[in-house]
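Have the viewer open and follow along.

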Amino acid sequence: MDQHVHVVTLATPDLDAARAFYAGGLGWEPLLDVPGEILFFRIASGTVLGLFEAAKFAADLGLPAPVAPAGVTLAHNVADPDGVRRLTAEMAAAGGTVLTPPQDGAFGGVFHALVADPGGIVWEIAHNPGWRVDDDGTVHLG
């Protein structure tokens, strides 16, 4: 198996709220939008984020009840601490819930915030001075 992830699909309890947050609030362009079912966004070259209506997601997995994302964060790195503050405020204005306000992290010199989208998907907005993200999305650690 090649070391790639092409699609990350997460359950969301309210697809309309997710659409309002990502497309309406943050200005993301849907790659594919199937109302009442699933919404896809290209999040990097070769990578798509799918937001699947929770009950239909459960049915697709053969589960008896919807499941919420747990133990998962999506991370978005920015160039400096002010970028963390700006994006956290933008996400809150779009309907997100700030779980941890912008602050120094526990290790590595990171400055970050945690924001949940309307369906509970948690985003870490971070400035990590030891990491670099190229214009093409390539991440360099260390």
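Buried here means under 20% relative accessible area, exposed means over 50%, and partly exposed lies in between, all with a 1.4 Å probe and protein chains only. Helices (H or I, at least four residues) and strands (E, at least two) are DSSP runs, numbered from the N terminus. This is a predicted model, in which local features need pLDDT of at least 70 and side-chain atom pairs count only at pLDDT 80 or more, while totals for chains, interfaces and linings use all residues. Residues are numbered from 1 along each chain as its sequence is written, and side-chain values use heavy atoms, with hydrogens and water left out.

**Strand 8 and its partners**

Let us start with strand 8 (residues 122–127). Six of its six residues are buried, so strand 8 is largely enclosed by the rest of the structure. Both of its faces are covered: V122, E124 and A126 are buried on one side, and W123, I125 and H127 on the other.

What does strand 8 pair with? Two strands pair if DSSP finds at least two bridges between them. Strand 5 (residues 73–77) runs parallel to strand 8 and is joined to it by five bridges. Strand 7 pairs with strand 8 in the antiparallel sense, over six bridges. Strands 7 and 8 form a hairpin with five residues between them, and G120 in the turn has a positive phi of about 95 degrees.

H112 sits in strand 7 (residues 111–116) and, at 16% relative accessibility, counts as buried. Its side chain makes a polar contact with the side chain of E124 at 2.7 Å. A polar contact is a pair of N or O atoms within 3.5 Å; within protein, one must be able to donate a hydrogen and the other to accept it, and residues adjacent in sequence count only if both atoms are side-chain atoms. Contact in general means heavy atoms within 4.5 Å. Not counting residues up to four places away in sequence, H112 touches V84, P101, P102, Q103, D104, G105, E124, I125 and A126.

**Helix 1**

In helix 1, the buried residues are L15, A18, R19, F21 and Y22. Seen down the helix axis, they fall within an arc of 165 degrees, so they line one face of helix 1; the arc is that of the directions from the helix axis to the C-beta atoms. D16 and G24, on the other side of helix 1, are exposed. The buried residues of helix 1 pack against strand 1 (7–12), strand 2, strand 3 (38–44), strand 4 (47–53), helix 3 (81–93) and strand 8.

At the N-terminal end, D14 caps helix 1, with a side-chain oxygen 3.1 Å from the backbone nitrogen of D16. After helix 1 comes G27, whose phi is positive, near 80 degrees.

**Aromatic pairs**

The structure holds seven aromatic pairs. Rings of Phe, Tyr and Trp (its six-membered ring) pair if their centres lie within 6.5 Å; planes under 30 degrees apart count as stacked, over 60 as edge-to-face and the rest as tilted. Two of the pairs are set out here.

| Pair | Distance between centres | Angle between planes | Class |
|---|---|---|---|
| Y22 and W28 | 5.0 Å | 50 degrees | tilted |
| W28 and W123 | 5.9 Å | 85 degrees | edge-to-face |

Y22 is buried at 1% relative accessible area and W123 is buried at 8%, whereas W28 is partly exposed at 24%. Ring pairs link F21, Y22, W28, F41 and W123 into a cluster.

**The nonpolar cores**

In soluble globular proteins, nonpolar side chains tend to be buried together. A nonpolar core is a set of buried Ala, Val, Leu, Ile, Met, Phe, Trp, Tyr and Cys residues joined through side-chain atoms within 4.5 Å. Which residues touch the most other members of the largest nonpolar core? Of its 21 residues, they are Y22, L51, M91, I121 and W123. Helix 1, strand 3, strand 4, helix 3, strand 7 and strand 8 each supply at least two residues of this core, and helix 1 gives the most, with four. Apart from this core lies another, of seven residues, among them A11, I38, F40 and A54.
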